[in-house]
Amino acid sequence: IITYNAMISACEKGKQWETALRFFDELRERGLRPDLITYGAAIAACKGGQWEKALELFEALKKTSGLKPDLVAYGAVIAA
């Protein structure tokens, strides 16, 4: 999961939101469970116009992940 988090974060910094979300989907397809860092990075990758996708990820974080959003996740969704 650490490697995926790093890749998603790198994509976010490079403004490659589509690639970041592909990595997010891939890790779940492989049976890995996203953590708060994963969600935060994926949501942050949606900055710059992909606010609907950011909200979708945020809702998944709240409802299906079993995790509670942290300040990073809230900040990322607001920034999107």
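Predicted model: local features only at pLDDT ≥ 70, side-chain atom pairs only at ≥ 80, totals over all residues.
The chain averages a pLDDT of 95, and 100% of the residues score at least 70. Colour by confidence if you like: the lowest mean, 93, belongs to helix α5 (residues 71-79), and the highest, 97, to α2.

**Stop 1: around glycine 49.** Glycine 49 sits in the loop that runs between α3 and α4 (51-63). Along the sequence, 30 residues separate glycine 49 from alanine 79, yet their C-alpha atoms are 9.9 Å apart in space.

**Stop 2: helix α2.** Select residues 17-29, which form α2. This helix has 13 residues and spans 18 Å from its first C-alpha to its last, close to the 18 Å expected at 1.5 Å a residue. Next, show the side chains of Ala20, Leu21, Phe24 and Leu27, which are buried in α2. These cover an arc of only 120 degrees around the axis, so they lie on the same side of α2. Turn to the face directed away from that buried side, and you will find the exposed residues Arg22 and Glu29.

Stop 3: Move on to leucine 32, in the loop between α2 and α3 (36-44). Leucine 32 counts as partly exposed because its relative accessibility is 34%.

Definitions and conventions: Residues numbered from 1 in each chain as written. Heavy atoms only, no water. Helix = DSSP H or I, 4+ residues; strand = E, 2+ residues; numbered from the N terminus. Buried < 20%, exposed > 50% of the residue type's maximum accessible area, 1.4 Å probe, protein only. pLDDT = per-residue confidence, 0-100. Expected span 1.5 Å × (residues − 1). Arc of directions from axis to C-beta.
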